[in-house]
Each structure stands twice: as C-alpha cells, then as structure tokens.
Amino acid sequence: MTDAEKKFQERIRLYKDTVRHKKTDRVLNISIFITWMIYDSGYKLSEALTDYSIMEKVVSGFHEKYQFDWYMDLGMRNPVRIAQAAGYTDYIFNDETYAINFKDVAHMEPDEYDDLRENYYKYMWTKLLPRKFPNLNKELMLKAAVEMMQFGQYSMGITKKFREEYGIPQSFITSTMAMLPFETLFNFLRGIKGLSIDIRKCPDKVKETCDALGLGPAFEAYKATTQVGTDMTCMPDLVTALLGHTILSVKQFEKYYWPYLKEVFDFVEKYDKILYIFAEGESSRFYEFFREAPKGHVVIHLEMDDIFKAKKEIGDVVCLAGGMPVELLYHGTVKENIDYAKRLIDELAADGGYIFSQNKLVSYPNDCKAENLKAVNDFVREYTL
Amino acid sequence: MAENNLFTYPEGWNEMLAALDFLPDEAREAFLKGLVQSLVGA
C-alpha cells in the first residue's frame with residue numbers, strides 16, 4: 001500500500017469516526033478556501049479560471065503548502081468556460097480583488113411556476129436558456145458541450161491526482177448532491193428578491209413547485225442504486241448546501257424547507273449514510289429542526305453561527321464543522337490564531353463530533369494571511385486529543 | 001431572444017440530442033440535461 005493510500009484510508013476512517021461521535025486521536029482539517037487559493041498562488045483570477053493547467057498548479061500547490069485533509073473545492077466551483085462558450089459575457093473577473101461579478105438577474109418570471117412544474121427540462125430549454133443566453137444556437141451549444149467534456153476531464157483528473165498522490169478523497173463539489181428544491185428556486189431561477197415576493201404573493205405555487213422538484217436528479221439516481229452502509233471510499237455519501245434558508249422565518253422554513261431536508265435525514269438514517277451540510281449565513285433559529293437529524297449521520301458546517309453555542313444546543317446530535325474565523329486569519333497574530341484553534345479543538349472535539357475548518361468561504365486577499373494559515377494547519381495536524 | 005427553432009420541445013431538444021453525435025446514443029440525454037443544468041446555474 002502506498003503512503004498516499006494509507007493517508008486516504010486514515011482520513012476516511014477518521015471522518016466516519018468523528019461523525020459517529022467516537023473519540024479520535026486528532027481532528028480533521030477541512031478547506032473551504034475558494035478563490036483565495038488563486039490569490040495565494042500568484043496567478044491572476046482570470047488566468048486560473050480559464051486555464052485548467054494553471055488551476056491544477058494552483059490547487060496542487062495549495063495542498064502541498066497547507067496540507068488540509070479534505071477540500072470543498074479543487075478548482076471546480078466556477079466552471080466559467082462552459083457558460084462563456086455558450087455566449088455568456090456577463091462575468092467580470094476582478095484581478096485586484098479576486099472577485100467574480102455577474103448580473104444577478106432572475107431569468108424565471110413569477111407566472112411560470114406551472115410551466116416549470118409541468119416539465120423541468122422543457123421549461124429550461126424553451127424559456128430559460130434562450131432568455132439567459134440570447135445568442136445561443138446549435139453551434140454555441142456544441143462549443144459548450146465540448147467545454148463541459150473538458151471540465152469533466154479536469155474534474156476527474158484532479159480528483160484522481162489528489163487521491164493517488166496526496167491521499168485526499170473526492171471534494172465536496174464532486175460529491176452526490178441532494179439539491180433542496182427551495183435552493184433550486186433561490187439560486188438558479190427566482191433569486192432573493194423574486195422568491196421573497198413569491199412566498200408572500202403565490203405561496204401555494206412555490207410549495208407545489210418544491211414538491212414537484214423534489215431533491216433533484218442526482219439524489220434520485222443515487223437513491224435508486226445505492227446499498228445500505230456508508231461508502232468507505234469517500235468522506236460524506238451525500239452533500240447539500242443551505243443558503244436560501246437565510247431569507248426564511250422559522251414558520252416559512254417549516255413549510256418550504258423542512259419537509260425536503262427531513263426526507264434526506266430519513267434517507268441517511270435508513271441507509272446508514274453520512275450527509276454533509278454546508279450552511280451558509282447564520283442558521284441558529286433553525287436548530288430545533290437540526291436536532292431532528294439522526295445522530296451519527298449528519299455533519300453541519302456552520303458559517304456565521306457561534307459554534308460554541310451550537311455545540312451546546314445541537315452538538316450532541318450532529319457533528320459540527322467550521323469555527324476558525326477568517327477575520328482572525330487575516331487580522332490576528334500567529335499566536336492568537338493558534339490559541340483560537342486550540343480552544344476550538346479543546347472545547348468542541350473532546351467527544352468526537354467536530355471537524356476543524358474555517359467559518360466562511362475564503363475568497364479574497366484580506367480573508368487570510370498565509371503565515372497564519374500555515375501555522376494553524378501545522379498546529380492542527382500535530383495536536384493530539 | 002434566440003431566433004431559431006432549436007429551443008422548442010421536443011423537436012429542438014431532439015435535434016440537439018442528434019447533434020451530440022460524438023457521444024453514444026444512450027449517454028446523450030443525461031449529458032444534455034447536465035449541460036443545461038450547468039448553464040442554468042452559471
């Protein structure tokens with residue numbers, strides 16, 4: 001067995017034990033760094049996002065320098081070349097701030113819920129795509145198809161390299177996604193403003209559409225073929241991301257969000273799987289629902305929550321991830337960062353159930369200083385429980 | 001708005017499937033759905 005394979009198996013075992021709330025000898029350290037990786041590499045944002053050979057150097061260099069145990073993203077979060085090939089021109093890469101800007105336009109109209117519900121792909125093909133890509137034609141679709149294949153080759157190649165050379169399991173982004181239907185409407189179709197209005201003006205249409213969309217094709221395909229038992233070749237069996245919940249009250253969450261999240265909870269319990277939830281924003285008003293998670297089956301990566309408070313309120317049921325403040329990673333000293341990392345591990349990981357990570361997607365130059373990150377990761381790797 | 005008949009259903013959809021002739025027949029539908037989803041999410 002190679003050294004990389006030993007590390008791979010050790011990381012998976014550690015992950016499964018941590019989620020099951022077993023005491024472990026060290027904590028896992030997960031990266032939710034995204035575009036900061038490019039900044040740290042010295043490449044421009046526009047270079048790395050449009051050249052897979054550069055992106056491979058970026059993510060490989062990042063791992064060799066900081067040595068996380070697992071990655072949310074290995075350069076696949078923004079597959080801009082596919083949309084550009086289809087004629088999308090609204091991306092603005094800011095090589096100074098490392099920000100990607102684009103027009104936040106809701107391409108679905110509020111009176112189109114029935115069309116969407118009737119046939120998802122028919123609606124996308126006949127209404128949404130021509131609206132979002134006004135110049136789209138067969139030639140551009142074929143160019144986008146070629147780009148999609150090249151993106152797939154990059155994804156498979158970098159995943160294989162990370163497993164075989166570094167012993168790193170496949171990333172969050174390439175894991176099977178249970179796409180909560182409210183998130184589909186929120187992220188891709190109606191946007192913050194549109195959906196906020198819709199849940200007040202046409203709540204039944206929104207609810208019926210959530211019911212019709214379900215948890216998405218990837219989840220359904222997985223559900224149809226999987227066996228009982230967690231997969232020992234990957235970290236989580238399933239992933240999902242919460243963002244739209246940030247616009248909901250508890251009552252609205254119960255209606256538009258909870259039934260579908262509960263369905264995933266029930267599935268992972270029944271099939272003995274592990275679900276990794278990345279909860280963007282602040283989620284504490286929904287802890288009563290998170291407490292319904294089957295113990296030993298769910299990780300919740302909290303972004304802006306007070307993770308010490310979360311440990312007291314839901315930490316006996318779910319495994320928590322996150323907690324390392326990006327503000328400290330940029331503004332703090334090395335000592336302050338190591339002290340905080342030690343506090344996180346001491347207070348949260350004593351009985352398992354905690355994965356070390358950052359408290360926000362790390363994107364911009366002033367989100368982190370390299371010397372602080374290096375010191376924290378060296379500390380976390382060596383610190384034994 | 002794109003001025004062609006490609007974005008009709010099922011006629012234009014099937015035309016696009018046929019144009020993906022570098023893929024095996026049985027893989028085209030899933031590939032096109034994935035591509036559409038990728039573009040919608042861009």
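Predicted model: local features only at pLDDT ≥ 70, side-chain atom pairs only at ≥ 80, totals over all residues.
Two residues are in contact if their C-beta atoms, placed from the backbone, lie within 7 Å. Local features need pLDDT of at least 70 and side-chain atom pairs count only at pLDDT 80 or more, while totals for chains, interfaces and linings use all residues. Residues are numbered from 1 along each chain as its sequence is written, and chains are lettered from A and ligands numbered from 1 in the order in which they are written.

Chain A holds 19 helices and 10 strands. These are DSSP runs, numbered from the N terminus (helices: H or I, at least four residues; strands: E, at least two). The radius of gyration of chain A, taken over C-alpha atoms, is 21 Å. The globule rule (2.2 Å times the number of residues to the power 0.38) gives 21 Å for 385 residues, so chain A is as compact as a globular protein of that length. The C-alpha trace of chain A spans about 55 × 45 × 40 Å along its principal axes.

Of the 385 residues of chain A, 43% are buried. A buried residue has 20 or more other C-beta atoms within 10 Å of its own, with C-beta atoms placed from the backbone. In strand β10 (residues 354–358) of chain A, five of the five residues are buried, so this strand is largely enclosed by the rest of the structure. Strand β9 (residues 319–324) of chain A runs parallel to β10(A), joined by five bridges. Here A:G323 stands opposite A:S357.

The contact between the chains takes 26 residues from chain A and 19 residues from chain B.

Conventions:
Buried ≥ 20, exposed ≤ 12 C-beta atoms within 10 Å, placed from the backbone. Pairing = 2+ DSSP bridges.
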